Amino acid sequence: MTPSSMTRRKFLAAAGGVGVAAAASGLVWDELLRGHVEHHASHTAPTKDRVLIAIQLMGGNDGLNAVVPSDGRYHDARPTLGIAENKVVPLSGTTAYGLHPSLAPLSGLWKDGQLAIVDGIGFAGLSRSHFQAMDWWYSGIPNQSTTGWIGRWLDATATAGDNPLRAVAMGGTAQAFTARKALSTSLTAPAAFRLLAPQGASADQLVAAFQRCGGPTPGDPQTLAAARLAIPATIGAVHDVARVTAKSASASGANGNTKNKATNPLGKAKGDLTDQLQTAAQLIQLDLGVRVIGVVQNGYDTHADQASRQGDLLGELATSVATLFKTLEANGHLDRVMVMTWSEFGRRVAENGSSGTDHGAGGAQFLMGNAVHGSQVVGSANLAHLQEDADVAPGIDARSLYATSLDWLGGPSSEVLGRSWDTYGLLKT
Amino acid sequence: MTKTDSQSIRSQVAWLHRRCGVGLAPGELDAATARGTQAEADRLLNPDANGVPADPDPWAGSKYSTDPREKGGGSNRRAEVLDAAGRWIDSMVHANRPLAARLGWFWHGHFATSVQKVHATGLMIGQFRTQRAGAFGTFPDLLRTMTVDPAMLIWLDGRKSTGRNPNENYGREMMELFSLGLGNYAESDVQADAKALTGWSVTPAGEAAFLARRHDDSPQTYLGRPGVHDVDTVISAVAANPAMATFIAGKIVGAFLGPDADPAAATTAAQAFTASGFDLNALYQNVVTQGIAGTSKWSPVVVDPVTWWVQARRATGANVPPQEWTALLVEAGQFPMVPPNVGGWPGGNAWLSTSTTAARYELAGHLAEATDPSAPPRAAAAAGDWARLADTLGRPEGFGPATVSALVASTSAGGAPGVAPLTIALASPELTLA
């Protein structure tokens, strides 16, 4: 076989048949992945590698209406926006907090000890800017945004055959995965993540040619080098992900010349998180070596009309997570998975005049899984001592949530997060 | 003229059109090189004086909804958005005045407003028309028009902000993202301008209206200035703050000279901008002049998917049906009128992600297929003349050896003559940078 006629799949099946030609043509990517796939191919049982799913609630989820405190001050501050006591979903074992009615599907997880809540979580000294807040949460280091916390974990745990599918970002934001060296994969829509070729051209050969654009070129400025590297990374990732989403030969790229269906560029709001989590489940089950999956649910910046908007979002969150748990359990993968939510900040305690809330500070997040020491609220939304008389104070540092996740995932969490952080007994021992 | 001289002029004018324009149609690079760098820059910056015809309104004759009560959903709205986006892209591809076309797109990303919340496409187009009209005036004027723009009033909840109950959404983002930058205002300033900007609403006909009874007219101290109580005094206070010139000049320098440009360039630009009374035209002049003075001032820029697409279409003369480019631009992570949030598109290396790379590859294939065989890029590709191919795509410096190796390999991939290499060329790393 000559390199130009070889697809990645054929390359892997022929294992060892390319050698010198591959190196010269810049098929370094294939060599890196070959080691990974051979390693996994030799396993007959599903790997026990753990997987973290991080759900970004983009916009700043209002923690107080998600995890409702039974504190009179709450209703004083929110005469119209406050959740009525008889609507709050009770949490067994505590009367201090309850859930927004749309989060009812999560109360089963709470009862089964699979859900812990972390309340009053954030960063001290953070402004109320979305973008600064997201930067801090993405990086886990205030005022440093060259790397993300997951990126640093990828760097710290990289092995010789670095697999860019260890980390998959869906929903268009991958800043948490930015690393010094380790690669990761981003998908906007998994079903559309492919490399179709023009009519009459061989899809495999054209992709093999495209691969060569990624050949290391000494003297390239950094940006051009990064642009080059993106190409073999993309080709490898597309081939692997296609195995998850292919339903027919024409979609898989084997007959690689089909036309695209029309897409609605507006159609992202509802159902998007559900789709992302379903894909996450498939990625986990397919055993591609995925370790961290980032998904995003957008729309939480509820300055106005919060009641219906947040209700819809929390409803989709709870339903899609509950469904995810059922799917993973049915397929024997639930023990391997932990799910955490995060959001750039909570919102102002007092409602504003537009039936909404403005930016705040401390928020409420969820940590879910069989390894979680559930049925507890760690931290609090302390309404007696507000930050600047206006916001829930971030009594728990965001990095405690990250440390908990990374400790469970395995790897040097203190190194990644700058120091060790209290994990408040969130993991079962 | 030595080969070096004319080649360096060719490189400079190609750079101008990649960075500050919408790419080059066949023949345009030759014409620009013959004029010389200074003359070409002048033609870009001063089209009136150079007799360059103005471009028509991209959406002339359209009848999109301007009803602010629209709740969205439905195929009518989708059809309007696709139609408006298609017309906008077409107008950039065919622009007589490339700088204005490019700037129209830039200011959309700056004042990033999404039709997903505004719903009425007609109000979005109204905002873009206002931006295009104001792009060559002063920045404070542009900022004022955006502050009371109907789409903006919906997007950042200005229309729900009343004297009795103000909300902070526009007040904060206006300073943080649109005019001053983080760290140049205090939380108390957010509360102050939120109050001062109350009272604006959008009529059912889609026009901004000021309702005094909903306005808090009490004087605020804002950005260190007392007596601020309405949109005009808010804008004056912003303009009086030195951070504004630095911030806006920095944005234009970042766009034209690159994110890692010599920091002195931004300082120089901010000074010229301030001296001119915040005239945006003067700012563009200053930045472009600095750019053509020497490459040491600028750094590579990753082009965003829409800009890449526009430039590729202009170079090849081709187009593909909406059902092909729409899905792929969404996959690439960028669609007109749908920024991910008020911060706009992240840009830079975010456009080197696997999803963008895959989408761009497919868009390249569609475009290559649709390119007329006699069009210079496709003819060069079919002839295996890689240097000429690069030149027709606005890269007279040529492709690097890895890309050339890819082009050579692509000739074995079959397909109609020139299509496979043209696909590779359009999707190459060189074409992802301006």
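Predicted model: local features only at pLDDT ≥ 70, side-chain atom pairs only at ≥ 80, totals over all residues.
Helices here are DSSP runs of H or I with at least four residues, strands are E runs of at least two, and both are numbered from the N terminus.

Residues are numbered from 1 along each chain as its sequence is written, chains are lettered from A and ligands numbered from 1 in the order in which they are written, and side-chain values use heavy atoms, with hydrogens and water left out.

**Loop residues with positive phi**

I looked up B:H119 and found it in the loop between α6 (115-118) and α7 (121-134) of chain B. Its phi is near 70°, positive although the residue is not glycine. I noted for myself that most residues other than glycine have a negative phi. B:H119 is buried (under 20% relative accessible area; exposed is over 50%, partly exposed in between, 1.4 Å probe, protein chains only), at 13%.

Next I checked A:N143, which sits in the loop between α7 (130-139) and α8 (149-156) of chain A. Phi of A:N143 is also positive, near 65°, but this residue is exposed, with a relative accessible area of 65%.

**Helix α14 of chain A**

I then went through α14(A), where 11 of the 12 residues are buried. Among them are A:R399, A:Y402 and A:W408.

What caps the N-terminal end of α14(A)? I found A:D397 there, with a side-chain oxygen 2.8 Å from the backbone nitrogen of A:R399. Just after the helix, A:G410 takes a positive phi of about 100°.

How values were computed. Polar contact = N/O pair within 3.5 Å; in protein donor to acceptor, adjacent residues only side chain to side chain.
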